[in-house]
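Hello,

I am passing the structure below on to you, with some notes on what turned up in it. Please have a look when you get a moment.

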Amino acid sequence: MDLKSGYPFWAIRNGLMHAFPRLREDLDCEIAVIGGGISGALIADELAAHGHDVAVLEQRDIAWGSTAASTALLQYEIDTHLVELSQRYGEPRAALAYRACAAAVERLGEVAADLRGVDFRRQRSLYYASRAGHVPLLREEAALRARHGLALRWLGADELAADYGLRAPGAILSDCAAAVDPYRMTSRLLARLRRRGAGVYDRTRIQTLHATSRKVELRTGEGLRVRADRVVVAAGYAGQHWIDQSLARNRSSYAFVTDPLDGDDLQALGETLVWESARPYLYLRSTGDGRLVVGGCDDAIDLPARRDRRVQSRAQRLVRQVQRRFPRLRLQPAFAWAGTFAETADGLPWFGPHPQHGPRVLFAMAYGGNGITYSMIGAELLRARIERRAHPLARLFSFERTVG
């Protein structure tokens, strides 16, 4: 799959950070992780840190797929409101999912603290009502979140204008959010993993997967064999290739990054992620060197050539959307890009075995707007499953849940 178009900022800023070898001989390991993006890196790091023998296999260069195109907003907030999730699955399980995402943001901070220069920064999250008719729903959402211990407050139109220069009728301001350079974090994690003796291989495409009751055998495009006790498929949106069932809908999202802005221009936006209640939603975040990343204009286009042609026009549309909401900002895209992402019907991820392949093949499908947060949860959830321990979200985030 061609997962991105244009010039993703992280890849341009960082280049190819580390050289990883191609797999050149047959391999035996305890756990093979298919996918060298941020999901595969977090999962492999979690497993290796707890004594598991791990090998990572990536068909491209490390972090060069969807990770390079990610805008990397780290949020506890799920694209599906807590109110709606409660209606689907019951309030206790829905609240558990939201609290787990909040804990995952904190855990990502701990992981980032052990790495060098990944631009991890604590942020707040501002979720604003796109129109006056959305205010009652957001107030109900805020009250339910607060009832389950999530720290937030309501801002009215005057406060939004004064603090953010934002034209909106109201918003939920949450304390729990962060931002990171996902490309750099992935490269750092996997380089450290390799230094510690794990196998990390890029430009190694897995062509076939065969699971038995005792082992899983993978075959590469060059005919090499990988035998593992278990396999974790963390191949992002390409992971759907391995399952016949339709699990998610692929879409394209567009983004651009500015040149560095003055602190007077950024003001509170330097420490706050911003997104809106309309769907698809406009979102903004800053970088450590004072740029703004702006994203949105999602569409159902998943054909690379058509997506490529839309990058510049969608970037200009995003500029106009920001201008309407933040009249004082004057933004000029420095680099613009688009990337594939996937949506599930309920906004929740899929982690665990699928009946098609049996218990030794585990999937990590961290789909949705807070995919990196989901990946952190998935790393701990999959480790618990491998170690035969219970995890409170194992069923809700598994293929056993029913999505209407």
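Asp45 sits in helix H2, which covers residues 38-49. Please keep in mind that this is a predicted model. With a relative accessibility of 11%, Asp45 counts as buried, because buried means under 20%. Its side chain makes a polar contact of 2.9 Å with the side chain of Arg192. Setting aside residues up to four places away in sequence, Asp45 touches Val111, Leu189 and Leu193 as well as Arg192.

The other residue I looked at is Thr186, in helix H8 (residues 182-195). Thr186 has 0% relative accessibility, so it too is classed as buried. A polar atom of the Thr186 side chain lies 2.8 Å from the backbone oxygen of Pro182. Beyond its neighbours within four places in sequence, Thr186 is in contact with Gly36, Gly37, Ile38, Ala41, Ile62, Ala63 and Thr67.

Now for the chain overall. The protein chain has 11 helices and 18 strands. Its radius of gyration is 21 Å, close to the 22 Å that the globule rule gives for 404 residues, so the chain is as compact as a globular protein of that length. The C-alpha trace spans about 65 × 45 × 40 Å along its principal axes, and 62% of the 404 residues are buried. Of the contacts with a separation of 6 or more, 76% are between residues 24 or more positions apart.

As for charge, the mean positions of the 56 positive and 46 negative charges are 3 Å apart.

Best wishes

Terms used. Residues numbered from 1 in each chain as written. Predicted model: local features only at pLDDT ≥ 70, side-chain atom pairs only at ≥ 80, totals over all residues. Heavy atoms only, no water. Helix = DSSP H or I, 4+ residues; strand = E, 2+ residues; numbered from the N terminus. Buried < 20%, exposed > 50% of the residue type's maximum accessible area, 1.4 Å probe, protein only. Polar contact = N/O pair within 3.5 Å; in protein donor to acceptor, adjacent residues only side chain to side chain. Contact = heavy atoms within 4.5 Å. Rg over C-alpha atoms; globule rule 2.2 N^0.38 Å. Lys, Arg positive; Asp, Glu negative; His and termini not counted. Charge placed at Lys NZ, Arg CZ, Asp CG, Glu CD.
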